[in-house]
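Hello,

Here is the structure I said I would hand over. My notes follow below it.

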Amino acid sequence: MSLQRKCPFHVTIAETEVKLVQSLRDVLQRCANRALENSGTFRVGLSGGSLVQLLTRALVSSNLNTKCWKFFFCDERYVPDNDNESTFWAYKTQMLTKLPNISDSQLIKADTTLSLDNCASDYAACIRDEFGTSCPEFDLLLLGMGPDGHTCSLFPEQPIALSESSRIVIPIRNSPKPPPERITFTLPLINNAKDVVFVVTGASKADVVKRVFADKDKNFPSAWVEPTHGDLTLIADKDAGETFLKLSCQCPHNAN
């Protein structure tokens, strides 16, 4: 079902996990085709959690040529590369093992052997060098959302991190979720992307999805994600999108 009322974001509520994976695959294909046509490289920022498996399934089920793709991490736990808490390690062990055409060198990771502050500043410099500009513009950022409305490692309890206006990657020392030390993309970098897509699953997220996307409740960091010149999309499963679907026709969306 498509609704025609104007809205600043796009919504897809997937009736099944298969359809959610298909929607994610369609986004990847659209964004990759545009990026490869314009610059010859597709640069995408990844988040952890359930997105690791969903992205892996989307790529395995596609025939996309990922040779010119580069993967970055929207946040990372300050742990060794081979730690089970590491988002890099999750993608290396879960995605790369099923997609041998993607090499380790395509995963652009943070150096967690440095001090926490230097780890953040070094990753910011790495990103700027890759894009050749002080204001990097990712082709696609894939974000998750917690029941508390956090995204990346930007949490409601961290107003200072949310107000960061100059740095594109910052250290986090007091994450309410373990481990407490992390690095994270900041809002200036997130909101400069060409496409930002939230992928949200599970009934525990239903209320926060409604409060972020329908109410724009700024108590939740996810509600501060508002691309300045790009597109914002929500892909949710039926459980996460249930409360949103009960609302009257506020935004164009697809139910599939």
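**Aromatic pairs and the rest**

Phenylalanine 72 and phenylalanine 131 are both buried, where buried means under 20% relative accessible area, exposed over 50% and partly exposed in between (1.4 Å probe, protein chains only). Before going on, note that this is a predicted model, in which local features need pLDDT of at least 70 and side-chain atom pairs count only at pLDDT 80 or more, while totals for chains, interfaces and linings use all residues. Residues are numbered from 1 along each chain as its sequence is written, and side-chain values use heavy atoms, with hydrogens and water left out.

Aromatic rings come next. Rings of Phe, Tyr and Trp (its six-membered ring) pair if their centres lie within 6.5 Å; planes under 30 degrees apart count as stacked, over 60 as edge-to-face and the rest as tilted. By this rule there are 11 aromatic pairs. Helices (H or I, at least four residues) and strands (E, at least two) are DSSP runs, numbered from the N terminus. Phenylalanine 9 and phenylalanine 213 are both buried. Phe9 and Phe213 also belong to one aromatic cluster with Phe198 and Phe244.

The rings of phenylalanine 72 and phenylalanine 131 have centres 6.2 Å apart and planes at 40°, so that pair is tilted. Phenylalanine 72 is in strand β3 (residues 69-73) and phenylalanine 131 in helix α4 (residues 116-131), and the pair links distant parts of the chain, 59 residues apart. Arginine 43 lies over the face of phenylalanine 131, at 5.0 Å from the ring centre. The rule is that NZ of Lys or CZ of Arg is within 6 Å of the ring centre and within 35 degrees of the ring normal. Lysine 109 lies over the face of phenylalanine 88, at 5.6 Å from the ring centre.

On helix packing, helix α2 (residues 51-60) and helix α3 (residues 87-94) pack at about 35° with axes 10 Å apart. Axes are lines fitted to C-alpha atoms, for helices over the stretch in contact, and angles run from 0 to 180 degrees between N-to-C directions. The contact (heavy atoms within 4.5 Å) is made by Leu51, Val52, Gln53, Leu55 and Thr56 of α2 and by Ala90, Tyr91 and Gln94 of α3.

Some backbone points remain. The peptide bond from proline 178 to proline 179 is cis, with omega near -5°; proline 179 is found in the loop between β6 (169-172) and β7 (182-185). Cysteine 152 is not a glycine, yet has a positive phi of about 50°. Cysteine 152 sits in the loop between β5 (140-143) and α5 (159-162) and, at 7% relative accessibility, counts as buried. Lysine 216, also not a glycine, has a positive phi of about 50°. Lysine 216 is in the loop between α7 and β9 (231-237) and is partly exposed, with a relative accessible area of 24%.

Last, histidine 150 lies in the loop between β5 and α5 and is buried, with a relative accessible area of 10%. Leaving aside neighbours within four places in sequence, histidine 150 is in contact with residues including Phe155, Lys177 and Pro221.

Regards
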